[in-house]
Amino acid sequence: MGTPIHLFGYCMGGTLCVALSHFRQQDFKSFVAVATPWNFHEGLGLAAKNFLNNEAFWSALLSGFQELPVDILQAFFTSLDPNLCMNKFELFDRMDQASERATVFVALEDWLNDGVPLAPKVAQACFVSWYGENAPSNGQWSVGAELINPKNITIPSLIAVPSADKIVPPASAKELALQLPNSELLTVGNGHIGMMVGRGARQNLWQDVIDWIRNM
């Protein structure tokens, strides 16, 4: 199989990497999860929980579209803080449109909106099983016929949590660090996007991740 590699997952990708580690941790030297949700009920009110756990709604929506379109996903993210979306475009309107800052803004927005639709079964699992039932945190998330248990993942793990995240509440991401037996917690003073590509990302996240891997 060759030399074990380092596994890295961001946001939902980190959640999926937990399942991958559960089945194939022998292939990995370490696991890094960045802004990865695990306790999906953290930060959710009762109305949001009931909405996300409405299996009939999701079945009708997915039956109509045959997928979960990117536009609907983006609408969900925007609804978390509508003012943030308006404020950033007001800021862009005041920029010199020929400046490097404006060019970077457009490039970042292109990246943020260049998503892919979710297949029906994936969307159903995300919204009903994860957000509705909080299955990962409760030990009830299964892939195939096997429950995914982070406590069985013993490779070194680094859990990076942005302190100002509005998409994945910090307590949701920290829950994964509590369940992985060989984990370290890294708190980063940025938001969900800023920690990855913001001006301080290289210093506040990437250098720490690189140092952690080098010092293993």
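**Exercise 1. Which residues of β5 lie on one side and which on the other, and are they buried or exposed?**

Solution. The model is a predicted one, in which local features need pLDDT of at least 70 and side-chain atom pairs count only at pLDDT 80 or more, whereas totals for chains, interfaces and linings use all residues. Residues are numbered from 1 along each chain as its sequence is written, and side-chain values use heavy atoms, with hydrogens and water left out.

Step 1. Locate the strand: β5 spans residues 157-162. Strands (E, at least two residues) and helices (H or I, at least four) are DSSP runs, numbered from the N terminus.

Step 2. Sort the residues by side. Ser-157, Ile-159 and Val-161 are on one side, and Leu-158, Ala-160 and Pro-162 are on the other; all are buried. Both faces of β5 are therefore covered.

**Exercise 2. Determine the order of the strands in the open sheet and the partners of β5.**

Solution. Step 1. Two strands pair if DSSP finds at least two bridges between them.

Step 1. Strand β2 (residues 28-34) runs parallel to β5, and 4 bridges join them. Ala-160 is the bridge partner of Val-34, and Ile-159 stands opposite Ala-33.

Step 2. With strand β6 (residues 183-188), β5 pairs in the parallel sense over 6 bridges. Here Glu-184 of β6 stands opposite Leu-158.

Step 3. The open sheet has 4 strands in the order β1-β2-β5-β6, with parallel pairing. Its edge strands, β1 (5-10) and β6, each pair on one side only.

**Exercise 3. Describe how helices α1 and α9 are placed against the strands.**

Solution. Step 1. Angles run from 0 to 180 degrees between N-to-C directions, with axes being lines fitted to C-alpha atoms, for helices over the stretch in contact. Contact means heavy atoms within 4.5 Å.

Step 1. Helix α1 (residues 12-24) lies across β1 and β2 and runs at about 145 degrees to β1. Helix α9 packs on the sheet and touches β2, β5 and β6; its direction makes about 170 degrees with that of β5.

Step 2. Together, β5, α9 (residues 170-179) and β6 make a right-handed β-α-β unit. Right-handed means that, with the strands pointing away from the viewer, the path from the first strand over the helix to the second runs clockwise.

**Exercise 4. Identify the salt bridges and classify the accessibility of their residues.**

Solution. Step 1. A salt bridge requires a side-chain nitrogen of Lys or Arg within 4 Å of a carboxyl oxygen of Asp or Glu. The whole structure holds 2.

Step 1. Arg-24 pairs with Asp-27, the closest N and O atoms being 2.8 Å apart. Arg-24 counts as partly exposed because its relative accessibility is 39%; Asp-27, at 16%, counts as buried.

Step 2. Glu-109 pairs with Lys-88, with the closest N and O atoms 2.9 Å apart. This pair links distant parts of the chain, 21 residues apart: Glu-109 is in helix α6 (residues 100-112) and Lys-88 in helix α5 (residues 82-93). Glu-109 is buried, with a relative accessible area of 12%, whereas Lys-88, at 26%, is partly exposed.

Note on methods: Buried means under 20% relative accessible area, exposed over 50%, partly exposed in between (1.4 Å probe, protein chains only).
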